Amino acid sequence: MAKQDVVVPDIGADSAEVIEWMVQVGDQVAVDDSLLVLESDKASMEVPSTVAGTVTALLVKLGDSVSQGTAIVSVEADADDAADSGSTEKVSELAPTPAAAEPKVETAAPTAAATVSAEVEARVPDIGTEDAVDVIEVNVAVGDVVAEGDTLIVLESDKASMEIPAEVAGTVSSLSVKVGDSLKQGDLIALVQGVSTAPVVKPQSPDVGRANVPADLVSAPATNTAAPSAPNPQVARAAQPAASGGDSASIYAGPAVRKLAREFSIPLAEVAGSGPRGRILKEDLHAFVQKRLEQPATSTVAAGAGIPAVPAIDFSAFGPIREEPLSKIGKVTALNMQRSWLNVPHVTQFDDADITDLEAFRKSLKDEAAAKGTKLTPLPFLLKACAMALKDNPKFNSSLSADGESLIYKDYVHIGFAVDTPAGLLVPVIRDVDKKGLLELAAEVIELAGAARDKKLKPAQMQGACFTVSSLGALGGRGFTPIVNAPEVGILGVAKAQVQPVWDGSGFVPRTMLPVSLSYDHRVINGADGGRFMNQVVAILSDIRRLTL
């Protein structure tokens, strides 16, 4: 047997992102078995294996960008085409007698037992955040044999999903987590009875130890009793959707598909999978949604949705059209905005801040800022004004608890600012704004905005905000109603500054006026609270000497 690298074929695009693995090290694959899922700006696609054998190495990781010719996996080619025996049911059917299967069982068990050593704790490693993240998929069960690097569970934060691999090879002796649990760094996942070498029993059945295949999809191992007349459970799984009351962890779907289903509230148990072994693909979710949209709107209301669906319209009947899929960021943004608008009772207050003196001061610091390698825009002044107002108005620096029974006050001041990028709206977060100077904030704004536009923001850099500033800057407009980014309770919208005549008591004088609009969650903030907060922000912007108080 010889090792061969499988490379990315012609995908019809310059590059694509790896969004899902469908195999792990140690898996048996046949020719045309799907290895991973790629997603470009226009489509997602599965890359099939061009050789049959055992996967020995994964050469790329989730989130990598690959192009035609990039090596993705190493496969130890199987000379006698062992991929044809990918189902242990087929092996039992081809065996001349039931007794022929006995030597496999008897010889494999002692070999596995001989390699057992100490029991090792598998714990959550550093996942880039101190917050608890949800378990969205458990890829192993007690008794499973895992190799080093095999996925144990999949975790998902607000911004990313991540697979947690096994650090040692062995047998899972106990499992401490389930789907829906929240875990932090150091939490116990499982106990693994470690082995000194890779288990010998694994090659006997290609499906044993396949980390990303749920238990209900793995064929039963060969035994002394053949049952050729029993229906193939994989075929039955693909032919009809799972029972609606079934455990979602037993449904065969990858992290990307599960995340998309959660974002659009699609019950996976009602979706029929069309992929290999009944795997649910993104196309299956699209077909499910399309089918639901074709149903009359009245049936949606009767089912308890509460809000009638917008009817589907054939726009091509009115003229030429062009349809382009939303980016992943665009989908998440739309979902978050709709959720906030439906759950948060919004109130918006409007005012104008006289920033004539602020602008004169800012321009006077132009050379000093350039000497320190940065550029001082109005945004750092807005951030500092909001930070001071948040300290003096603690309700704005709070969040309503999930059960609605209490307020959670924060002793830190982290502020997010909206950045328009080619991929959609992103909100990086600057931490401890109240403790930083204007030039320090200016440098951090430029750094984070650049990272957002270059798609290099880390999930941790978009988490933990207490408040958000959304500035349209020079784009124009006299004001707008920003949507609160729940669980925050407030957001400041900033429109375009204009020179206007202002009465000073004896005559009209030209002043630079900045329109600002404050939206807040009326469950937490009342009109008086909003008025005090807005008055303080406007006062600081109108007289920046207040920043020294």
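At what angle do helix H10 and helix H11 pack, and how far apart are their axes? Helix H10 (residues 378-392) and helix H11 (residues 438-453) pack at about 115 degrees, with axes 9 Å apart. This is a predicted model, in which local features need pLDDT of at least 70, side-chain atom pairs count only at pLDDT 80 or more, and totals for chains, interfaces and linings use all residues. Residues are numbered from 1 along each chain as its sequence is written, and side-chain values use heavy atoms, with hydrogens and water left out.

- Helices are DSSP runs of H or I with at least four residues, strands are runs of E with at least two, and both are numbered from the N terminus.
- Axes are lines fitted to C-alpha atoms over the stretch in contact, and angles between N-to-C directions run from 0 to 180 degrees.
- In contact (heavy atoms within 4.5 Å), Leu379, Pro380, Phe381, Leu383 and Lys384 of H10 meet Leu438, Leu441, Ala442 and Val445 of H11.

**Burial of H10**
- Buried means under 20% relative accessible area, computed with a 1.4 Å probe on protein chains only.
- Because 12 of its 15 residues are buried, H10 is largely enclosed by the rest of the structure.
- Among the buried residues of H10 are Lys384, Cys386 and Met388.

**Strands E10 and E12**
- Strand E10 (residues 133-138) runs antiparallel to E12, joined by four bridges; two strands pair if DSSP finds at least two bridges between them.
- Glutamate 137 has valine 154 in E12 as its bridge partner.
- Six of the six residues of E12 (residues 151-156) are buried, so this strand is largely enclosed by the rest of the structure.

Notes. Buried means under 20% relative accessible area, exposed over 50%, partly exposed in between (1.4 Å probe, protein chains only).
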